[in-house]
Amino acid sequence: MPLTPYAKKVMKRCEKLAQFSQHPDYIDRRYLTKEHKNANLQVAKWMQQAGMRTWQDEAGNQWGSYRSSSPNAKSLIIGSHLDTVPDSGKYDGILGVLLPISLVQYFHDHKQSLPFHLDIVAFADEEGTRFGTTLLGSRAVAGTWQEKWGCLRDSDDINLSSAMREFGLDINKIHAAARSVDDTMGFLEIHIEQGPVLESRGLPVGVVDGIAGAKRFEISVVGHAGHAGTVPMELRQDALAGSAQMIVMIEKAAKEHGVVATVGQIHSSSNAVNVINGNVVFSLDVRSLDNQKRDRCIDEIMNAIEHIAGYRGLDAKIRMTHDADATHCDKMLMDELRIACENSGIEPFNLSSGAGHDAMAIADLCPVAMLFVRCAKGISHHPSEAVTFEDVLNAMLVARSFIELKARTCEHELVA
Ligand SMILES: [Zn+2]
C-alpha cells in the first residue's frame with residue numbers, strides 16, 4: 001500500500017511548522033514560549049486527525065497515543081523534539097515527530113491495529129537554547145529531571161519555574177511527566193543525520209549504533225605579555241604560540257586515537273598586532289562512542305599540554321566543563337531496523353552519532369534506537385538544512401516495516 005501521500009504530508013507539515021517562530025525573519029522556537037505552545041496545539045491536532053489520544057505532559061512535551069486493543073499492552077515510543085536553535089532549519093527534530101504522526105495516520109486510514117500502544121512524543125526542549133541546559137523534555141520523561149533546573153535562567157533573567165507557570169505548567173508536578181519503565185517496550189528516534197556520511201555512501205537512511213560521549217574542557221594558558229619589537233625570540237613566553245602548538249597537537253592526537261577532537265573557541269586577551277600574547281583561553285571538545293578510547297586520547301592531550309607549557313615557560317590550567325558518557329543503541333532494535341531496511345530495499349548501514357539526541361536521555365528509561373535520514377551536504381542548525389521527499393518516503397517505509405516487525409514479534413509472544 002503506497003505511503004507516498006503520507007510522505008508528501010510530512011514535507012508539507014515541516015513547512016507549516018516552520019511558521020511557528022518567535023523571530024519574524026528566521027525559525028526560532030524555544031522552550032516554554034508562545035510558539036512552543038502553538039506548535040504543540042498544531043501537532044496535537046494532527047495527532048487527533050490520525051486517531052490518537054493526545055495530552056501535554058507536565059514538562060510541556062506533546063504526546064499522542066495510537067491505542068492498542070490488546071489488554072496489558074505496553075508502549076512503543078517514537079519521537080524527537082520540536083524546539084529549535086535560532087536561525088535553524090525545518091527538519092532537525094521536527095521530522096522525527098511529523099513522520100511517525102503521518103505513519104500513524106496511514107495505520108488509522110487502513111484500520112491497522114497493533115498489539116502495543118504506539119506513542120508519539122514531541123519533546124519540548126532538546127537544544128537547550130533558552131535555559132542553557134539540553135534535553136530538558138526527554139530528561140523529564142526518563143525520570144532524570146534535577147530539582148536545581150527550576151533555578152535555570154534565560155537571557156531575560158526569567159527562571160525556568162516561572163516560565164513554566166507562565167506556560168500553564170507547575171514545576172512541582174514535573175515528576176508526573178516520567179514514564180514507567182514497566183509500560184515501555186522501547187524508543188525509536190528518527191532524525192536527520194547532521195553529518196555527511198549517508199550522502200557520501202549514497203544511502204537514504206542509516207541505523208545508528210550509538211551516540212558519542214563528549215568531554216569538554218576550558219584550557220587557559222598564561223605566558224608573559226611583551227613588546228613585539230624588543231623581546232628576543234628565545235626570551236619569550238608567548239601564550240598564543242604555545243596554544244597554537246597545543247591545538248595542532250590535539251588534532252594529531254585525535255587522528256591517532258580514532259576520536260574527534262575540536263578546539264572551536266579561542267580568546268586572547270591582548271590581541272594586538274604589536275604585543276606578544278600573555279593570556280589565551282581555548283575550548284576543547286573530545287567525543288567517541290568508546291569512552292575508554294576517548295579518555296586515553298584526553299590523557300595524552302593533557303600530558304602534551306603540560307609538556308608544551310613546561311618547556312615554553314607557560315602556565316596551563318585545565319578545567320572540565322562537560323562530561324557525558326556514550327550511549328549505545330539496543331542491539332535487538334538495531335537488528336530489527338536493519339531487517340526493516342532490507343525489507344524496504346535499502347542496504348542496511350550502521351553509523352554513529354557525533355551529536356547529542358533525546359535518545360541519550362531516554363536510554364535511562366528503556367532500550368533506544370535511532371534511524372538517521374540523509375540531509376543535504378550534512379548541514380544542520382541552519383536554514384539551508386534539507387531532506388528530499390524520496391528520503392523521507394524511504395525512512396517511512398523502514399519505520400513502517402520496523403513497526404510491523406515488532407507487531408509480529410509481539411503477537412507471537414502473546415500466543416506463546
Ligand atoms: Zn535534533
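Guide: Two strands pair if DSSP finds at least two bridges between them. Strands are DSSP runs of E, at least two residues, and helices are runs of H or I, at least four; both are numbered from the N terminus. This is a predicted model, where local features need pLDDT of at least 70, side-chain atom pairs count only at pLDDT 80 or more, and totals for chains, interfaces and linings use all residues. Residues are numbered from 1 along each chain as its sequence is written, and side-chain values use heavy atoms, without hydrogens and water.

Visitor: How do you know that β3 is joined to β4?
Guide: Seven bridges join β3 to strand β4 (residues 117-123), and the two run parallel. At least two bridges make a pair, so β3 and β4 qualify. At one point H81 has F123 as its bridge partner in β4. S75 has H117 there.

Visitor: What makes β3 largely enclosed?
Guide: Buried means under 20% relative accessible area, exposed over 50%, and partly exposed in between (1.4 Å probe, protein chains only). Seven of the seven β3 residues are buried, so the rest of the structure largely encloses this strand. Both faces are covered. S75, I77, G79 and H81 lie on one side, and L76, I78 and S80 on the other.

Visitor: Why is β4 called largely enclosed?
Guide: Seven of the seven residues of β4 are buried, so β4 is largely enclosed by the rest of the structure. H117, D119, V121 and F123 point one way. L118, I120 and A122 point the other way.

Visitor: Why is N279 called partly exposed?
Guide: Its relative accessible area is 30%. That value falls between the 20% and 50% cut-offs, so N279 is partly exposed. N279 is in strand β12 (residues 279-288). Its C-alpha atom is 8.4 Å from that of D238, 41 residues apart along the chain.

Visitor: What makes H81, D92 and H191 donors of the zinc ion?
Guide: Donors are N, O and S atoms within 2.8 Å of the metal (3.2 Å for Na, K and Ca); water is not among the atoms, so sites may look incomplete. H81 (NE2), D92 (OD) and H191 (NE2) lie 2.0 to 2.1 Å from the zinc ion, so they meet the cut-off. Their spacing in sequence is H-x10-D-x98-H. H81 in strand β3 (residues 75-81) and H191 in strand β5 (residues 184-192) are 110 residues apart, and the pair links distant parts of the chain. Both H81 and H191 are buried.

Visitor: Which residues of the lining of the largest pocket count as nonpolar, polar or charged, and how many of each?
Guide: Ala, Val, Leu, Ile, Met, Phe, Trp, Tyr, Cys and Pro count as nonpolar, Asp, Glu, Lys and Arg as charged, and the others, Gly among them, as polar. The lining holds seven nonpolar, 15 polar and six charged residues. β7 (213-222) and β13 (315-323) each supply at least two residues of this lining.
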